[in-house]
Amino acid sequence: MFRCSSSSLLEGKNVTFTLQYNSAPGEVLYVIGNQPQLGQWDVSQAQRMTWNCGNMWDVDVGFPENLHLQYKYFVMRDDTREIRWETIKNRDLWIKSEETICNDKWDYLPPKDETSSPSSP
């Protein structure tokens, strides 16, 4: 899979956000959240995701350890700047000492016993 970002440029523990989403031409996915690295809920500061084959979107973000993160995704049209938010409540993630991959689905929160799986560096 081609990635435009490099985890070597990130500070702290790397979290990879991935989401499969069938976007229309001109639509771009973003991840936003309660921490500065995700824009503190300011859409102009959200992390733009990268489109990959199979309609998979991803972005790598560095966070300090032992941090509680709330986040969600939105789609923005490049031409009109119109935004469409996920309709679910905010997602929760605790940033631990290992790197994490969040394999999320648009507008779906898994039951509490299913969590994002940590990956080996």
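## Strand S1 and its burial

A residue counts as buried when its relative accessible area is under 20%. By that criterion, six of the eight residues of strand S1 (residues 13–20) are buried in this predicted model, so the strand is largely enclosed by the rest of the structure.

Strand S1 has pairing partners in S5 and S9. Eight bridges join S1 to S5, and these two strands run antiparallel. Six bridges join S1 to strand S9 (residues 100–105), and here the pairing is parallel. Thr-16 illustrates both relationships: it stands opposite Asp-60 in S5 and opposite Ile-101 in S9. Val-15, for its part, stands opposite Thr-100 in S9.

## The four-stranded sheet

These strands belong to an open sheet of four strands, ordered S4-S5-S1-S9, in which the pairing is mixed. S4 and S9 stand at the edges with a single partner strand each, so one side of each has no neighbour in the sheet. From one strand to the next, the twist averages 25°. In a regular strand, side chains alternate between the two faces of the sheet.

Within this sheet, Asp-58 is placed in strand S5 (residues 56–63). Asp-58 counts as buried because its relative accessibility is 4%, under the 20% limit. The side chain of Asp-58 is joined to that of Asn-52 by a polar contact of 3.1 Å.

## Aromatic pairs and a charge over a ring

A search of the whole structure finds six aromatic pairs. In one of them, the rings of Phe-17 and Tyr-71 have centres 5.0 Å apart and planes at 65°, so the pair is edge-to-face. This pair links distant parts of the chain, since Phe-17 lies in strand S1 and Tyr-71 in strand S6 (residues 67–77), 54 residues apart. Both partners are buried: Phe-17 has a relative accessibility of 0%, and Tyr-71 has a relative accessible area of 2%. Another aromatic pair, formed by Tyr-21 and Trp-106, is tilted, with 5.0 Å from centre to centre and 55° between the planes. Tyr-21 lies in the loop between S1 and S2 and Trp-106 in the segment after S9, so this pair ties together parts that are 85 residues apart in sequence. Tyr-21 counts as buried, at 11% relative accessibility.

Ring pairs also link Phe-17, Phe-63, Tyr-71 and Tyr-73 into a cluster. A further ring contact involves a charge: the charged end of Lys-105 sits over the ring of Tyr-108, 5.6 Å from its centre.

## Loop residues with positive phi

Most residues other than glycine have a negative phi. Gln-40, although not a glycine, has a positive phi of about 50°. Gln-40 is placed in the loop between strand S2 (27–33) and strand S3 (47–48), and it is exposed, with a relative accessible area of 52%.

Asn-55 is likewise not a glycine, and its phi is positive, at about 60°. This residue lies in the loop between strand S4 (50–52) and S5. At 25% relative accessibility, Asn-55 counts as partly exposed.

## Cysteines

The structure holds zero disulfides. Cys-53 is exposed, with a relative accessible area of 68%, whereas Cys-102 counts as buried at 0% relative accessibility.

How values were computed: Residues numbered from 1 in each chain as written. Predicted model: local features only at pLDDT ≥ 70, side-chain atom pairs only at ≥ 80, totals over all residues. Heavy atoms only, no water. Disulfide = S-S within 2.5 Å. Buried < 20%, exposed > 50% of the residue type's maximum accessible area, 1.4 Å probe, protein only. Polar contact = N/O pair within 3.5 Å; in protein donor to acceptor, adjacent residues only side chain to side chain. Pairing = 2+ DSSP bridges. Axes fitted to C-alpha atoms, helices over the stretch in contact; angles between N-to-C directions. Phe/Tyr/Trp six-rings, centres within 6.5 Å; stacked < 30°, edge-to-face > 60°. Lys NZ or Arg CZ within 6 Å of the ring centre and 35° of its normal.
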